[in-house]
Amino acid sequence: VATLGRVLFYDKRLSVNNTVSCASCHQQVQGVGDTRRFSIGCAGGATTAHAMRLGNVRYYAPGSMFWDKRAATLEARATQPIQHPVEMGFDASGGGLATLLSKMAALSYYPELFTFAFGDSAITENRIQRALAQFQRSMVTVSSRWDSGYAPNYNPAAGDQGVNTPIASFTAEENRGRQLFMAGRGQGGLACAACHQPPTFALAANSRSNGLDAGETRIFKSPSLKNLVLSGGFMHDGRFSTLAQVVEHYNSGVQDGPALDNRLQVNGVPRRLNLPEADKAALVAFLRTLTDTSLQTDAKFSTPFRQ
């Protein structure tokens, strides 16, 4: 099923004019994301949200997808871009999903692939969703410098499971950033890991708004922080272009609003960290250790089509 999902993910024929695929906005070499702030759709128009990285997507426990969580599952998410007027174009004006299903049935390879995956050649939205979701769930990142340094220290009997133990292969700056990220506020840290939970760095299920805009009522999710340096823009609208800007937001820019996470407040107002420049640089250095270049090069996540 995941093999079928890989073909679907890279097939530009799933767009109304054969110009873009899922992989056009979620590029393997860019952490299965996009360095553009807004991706370009099938007719040349720009999307209104930054393409979310897909590595470790399976570890977000609630399972809801998109920045605004509008899809309940990865399966429900899978065909929404296909039916979006800007992204892949099979909305009502493009004939809808029924037109796509007929188009796929007329291609020589899909009846065979669906038979291989599901036992018969029927091409349905449910099967497309299941195949795409299975392929995306297989995008697990476990080979970053953080992973290789963390694994020897992992001990289920230890209270912190090794996350607060200094990593021998890290620089002093990276270990300082790790300590700030992992440790709680009462232990000299910033408790970033309370929301971005190691070792997958997926978002905690109970996380709320991070105070990007004053008065925010929406509760956004975020992708795993693995490979975050590869995809360029940060936050749901890609407003930040560097990790230093992201760190500065949490240091001095969190805005108040009804949806603000209580971990970003002190006595009911947004907290200000007032970090020295060295600590801000250390956090950036640590975040860079979460890069897993194997996901960029693994052939099983690359295009199956001849280039």
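**Exercise 1.** Determine how helices α9 and α10 cross and which residues form their contact.

*Solution.* Step 1: the axes of α9 (residues 243-253) and α10 (residues 277-288) come within 9 Å and cross at roughly 125 degrees. Axes are lines fitted to C-alpha atoms, for helices over the stretch in contact, with angles from 0 to 180 degrees between N-to-C directions; helices are DSSP runs (H or I, at least four residues) numbered from the N terminus.

Step 2: α9 is therefore oblique to α10, since angles under 35 degrees count as roughly parallel, over 145 as roughly antiparallel, 65 to 115 as roughly perpendicular and the rest as oblique.

Step 3: L243, A244, V247, E248 and N251 of α9 meet K280, L283, V284, L287 and R288 of α10, where contact means heavy atoms within 4.5 Å.

The model is predicted: local features need pLDDT of at least 70, side-chain atom pairs count only at pLDDT 80 or more, and totals for chains, interfaces and linings use all residues. Residues are numbered from 1 along each chain as its sequence is written, and side-chain values use heavy atoms, leaving out hydrogens and water.

**Exercise 2.** Describe the packing of α1 and α5.

*Solution.* Step 1: their axes come within 9 Å and cross at roughly 150 degrees, so α1 and α5 are roughly antiparallel to each other.

Step 2: α1 supplies L4, V7 and L8, while α5 supplies Y109, Y110, L113, F114, A117 and F118.

**Exercise 3.** Identify the contacts of L4.

*Solution.* Not counting residues up to four places away in sequence, L4 touches Y110, L113, F114, A117, F118 and A131.

Definitions and conventions: Helices (H or I, at least four residues) and strands (E, at least two) are DSSP runs, numbered from the N terminus.
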